[in-house]
Amino acid sequence: MAAEILLVGSIPYDTNEKVFREFGPALASSLVAMPDGEVGPRSHWISRVHYAVFANHPDLETVRQPAKEGGVERLHPRDAGDSWQFKVRDGIETVAFGDKGWRLGYARDAINSYFIFKALRAEGLYPAGMRFQVSVPSVNSAVPYRIFPDQDDVEKVRRGYVEALKAELETIVRHIPAHDLAIQLDCASEVQDAYGAIAGQPAATAIDRNTPQIQALLSWIPHEVMVGFHMCFGTLGGWPRFEPEDISGAVMMANAFIRAAARPVGWIHIPLLARTDEAFYAPLRELQPNGARVFLGMVHSMESYPARLAIVRKLVPDFGVAAYCGFGRLNPSQLPAIRQQHLDALRLLHG
């Protein structure tokens with residue numbers, strides 16, 4: 001039976017072990033793969049890159065950081081207007097990142113978490129064939145236009161960052177067996193771009209701006225490694241950061257990414273709003289997964305879940321379910337209820 005639940009990534013317990021022991025096992029028989037929860041500094045997604053990598057890079061100048069709270073520094077922004085901002089120093093055309101394969105921190109965290117996951121799987125907490133999921137922000141989401149007052153700086157940073165992220169993925173692939181590994185690219189800025197929601201960037205050229213990174217990051221990865229995409233409406237300042245009229249932009253970008261990957265894609269995640277009008281969902285007919293498992297981000301607003309489920313069943317022949325995003329900005333006290341929502345959604349999916 002095809003996997004029926006995708007966990008997008010962040011699960012804000014204090015440790016990876018607690019994520020593996022307390023959140024995952026109840027869902028394990030239905031999961032496509034198990035993430036480590038992106039605990040600690042990764043819980044706020046790209047903020048860790050901004051304060052730990054960009055803020056101390058010699059080629060970058062910090063021009064704004066999140067406002068203090070109670071006189072104490074704050075590393076994670078409250079919303080887009082409170083986020084880190086940077087300027088590329090004069091004379092720099094490409095911002096290069098040192099410590100190849102380790103600088104961004106994703107490889108180090110993945111390798112350490114995999115050791116814990118493998119041990120718990122050996123204990124029987126997860127099925128023998130369960131993969132370990134590594135979720136990383138895409139280049140264009142980690143380096144969004146909004147964090148650079150001078151828009152010309154964006155490409156100067158992205159050119160170096162794509163090489164740094166590719167090196168991190170190479171390190172991960174080298175240290176985690178291919179048959180045990182699943183890699184997900186998290187794409188939020190790209191979805192906004194598809195709807196023309198990024199100032200100064202026309203939607204008509206969004207695909208051309210966003211697909212080159214996909215081929216650079218994924219085309220070389222061994223086919224035995226499963227790869228997937230999480231399309232996102234964003235949670236900075238509250239979910240969703242923007243509410244499109246329909247799902248067309250996310251579908252368009254998902255189709256483009258599947259083509260650009262130039263290798264098999266294991267899954268595609270499409271977020272859904274709490275809407276019950278069929279017009280919002282109609283573009284799902286245009287989704288071209290090309291063999292990828294479709295996961296619809298509809299495990300939320302559970303009072304309308306049955307109505308939404310009835311609508312999408314008419315549009316997508318086979319799919320699994322997921323939340324709209326990870327849970328990193330939520331209070332950990334909410335996690336038991338969220339896990340139960342996934343179980344309820346699975347039960348209704350079978351109904």
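I take a cavity to be a set of points, on a 1 Å grid over the protein atoms alone, where a 1.4 Å probe fits but cannot get out, and I count as lining any residue with an atom within 4 Å of a point. Grid points are joined across faces, edges and corners, and a volume is the space filled by probe spheres set on the points.

I note that this is a predicted model, in which local features need pLDDT of at least 70 and side-chain atom pairs count only at pLDDT 80 or more, while totals for chains, interfaces and linings use all residues. Residues are numbered from 1 along each chain as its sequence is written, and side-chain values use heavy atoms, with hydrogens and water left out.

Cavities: I searched the whole structure and found four cavities of 30 Å³ or more. The largest cavity holds about 340 Å³ of space, and among its 31 lining residues His44, Trp45, Ile46, Thr235 and Arg329 lie nearest the centre. I then looked at the second largest cavity, which holds about 60 Å³, and its lining includes Asp36, Arg42, Tyr106 and Phe132.

Core: I looked next for nonpolar cores, meaning sets of buried (under 20% relative accessible area, 1.4 Å probe, protein chains only) Ala, Val, Leu, Ile, Met, Phe, Trp, Tyr and Cys residues joined through side-chain atoms within 4.5 Å. The largest has 114 residues, and Phe54, Tyr161, Phe229 and Ile270 have the most contacts inside it. Apart from this core lies another, of eight residues, including Leu6 and Phe295.

Definitions and conventions:
Buried means under 20% relative accessible area, exposed over 50%, partly exposed in between (1.4 Å probe, protein chains only). On a 1 Å grid over the protein atoms alone, a cavity is a set of points where a 1.4 Å probe fits but cannot get out, and a pocket is an open set with protein on both sides within 12 Å along at least five of seven lines; lining residues have an atom within 4 Å of a point.
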